[in-house]
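These are my notebook entries on one structure, written down in the order in which I looked things up. I begin with the model itself.

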Amino acid sequence: MDTIPAGRSDQRLPIYQRLKDTFVHRITQGEWTPAHPIPSETQLSADFGVSVGTVRRAIEDMVQEGFLLRTQGKGTYVRRADFGNALMRFFRYTDTTGTPLRPRSKMLSVTPAPAQASINKRLQIEPSAPLLQLLRLRLIADTPMLHEEIFVSRAAFAPLLSIPLADFGDLLYPLYETACGHRVFRATETLRFDHAPDTIAQHLGVAPGEPIAVIERLAIGLDGHPLEWRRSVGLARQFTYSIELQ
């Protein structure tokens, strides 16, 4: 029978909370992955010697908090973050019939970069820790729509340096997980407007000074530690935002 490790959480907490902490630890350690369903509530109840109701409450909390995802008829899985369409909330691209178009990604470079005080602080790493800088474009057909500058810890993401640019694909977060063992859990974004500096204007094929929308994202891992900081830039004239208020 499995036990709830004494040192993992406060023993004064309710059993379901301590059980949840143990389950989260299994996710962070890679014992539970999105590839396979987690054990059934009945199995976990037997493994830990607790009631099914206690297991169910722990799992329900983890579903509500975004760690797990229930799939009807298939089981409960570790949720994989999917922000592939996140920027499409702000930049909506359609064809002549109004059908939404999803940009493809083109990695421009992955290079070692020195520490940058503001970015290291955001990533919560040592002020002198070296970084990796990733530059990429998001394109519709062959037309650049977004330019992205991405920074991660060099120590944590060194395997990215050995991957050919053509093998990066459209989504980075699955690659972070498979190549580097780091899984993005959530992210925060801030939005501002500016004017395109020369380099960004060149990448987007516009004149310097063109109004741009800038979205900065901080991606957070399962353990609550920042993993990635990125800046995505698109033309302000292509920016749109709508929200339903009730």
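Predicted model: local features only at pLDDT ≥ 70, side-chain atom pairs only at ≥ 80, totals over all residues.

**Entry on helix H1**

I use the names of helices (H or I, at least four residues) and strands (E, at least two) as DSSP runs, numbered from the N terminus. Helix H1 covers residues 15–28, and its 14 residues reach 20 Å from the first C-alpha to the last, close to the 20 Å expected at 1.5 Å a residue; the expected span is 1.5 Å times one less than the number of residues.

I then asked how many residues of H1 are buried. Buried means under 20% relative accessible area, exposed over 50%, and partly exposed in between, with a 1.4 Å probe and protein chains only. In H1, 10 of the 14 residues are buried, and the helix is mostly covered; among them are Tyr16, Leu19, Phe23 and Ile27. The cover over the buried residues of H1 includes helix H2 (41–48), helix H3 (52–64), strand E1 (68–71) and strand E2 (75–78).

**Entry on the sheet**

Next I traced an open sheet of 6 strands, with antiparallel pairing and the order E3-E4-E5-E8-E7-E6; two strands pair if DSSP finds at least two bridges between them. Strand E3 (104–113) and strand E6 (184–195) are the edge strands, each pairing on one side only. On average, neighbouring strands of this sheet are turned by 20° against each other, direction ignored.

Helix H6 (residues 173–180) packs on the sheet and touches strand E5 (143–153), E6, strand E7 (211–221) and strand E8 (226–235), where contact means heavy atoms within 4.5 Å. The direction of H6 makes about 150° with that of E8; such axes are lines fitted to C-alpha atoms, for helices over the stretch in contact, and the angles run from 0 to 180 degrees between N-to-C directions.

Going through the pairs, I noted that E3 and strand E4 (residues 131–140) run antiparallel and are joined by 9 bridges, with Arg104 opposite Leu139 in E4. E4 and E5 also pair in the antiparallel sense, over 10 bridges, and Leu132 has Val152 in E5 as its bridge partner. Between E5 and E8, again antiparallel, there are 7 bridges, and Ile150 stands opposite Arg230 in E8. Of the 11 residues of E5, 9 are buried, so this strand is largely enclosed by the rest of the structure.

Most residues other than glycine have a negative phi. Ala141 counts as exposed, because its relative accessibility is 58%. Gln124 has a positive phi near 60°, lies in the loop between helix H4 (117–123) and E4, and is exposed at 53% relative accessibility.

**Entry on Glu177**

Leaving out residues up to four places away in sequence, Glu177 touches Pro34, Arg80, His182 and Arg183. Arg80 is 97 residues from Glu177 in sequence, yet the two are 9.8 Å apart in space, C-alpha to C-alpha.

**Entry on the cores**

Last, I looked for nonpolar cores, each a set of buried Ala, Val, Leu, Ile, Met, Phe, Trp, Tyr and Cys residues joined through side-chain atoms within 4.5 Å. The largest has 19 residues, and those with the most contacts inside it include Leu134, Phe157, Leu172 and Tyr176. E3, E4, E5 and H6 each supply at least two residues of this core, and H6 gives the most, with 4 residues. Apart from it lies another core, of 18 residues, among them Ile27, Leu44, Phe48 and Val50.

Conventions: Residues numbered from 1 in each chain as written. Heavy atoms only, no water.
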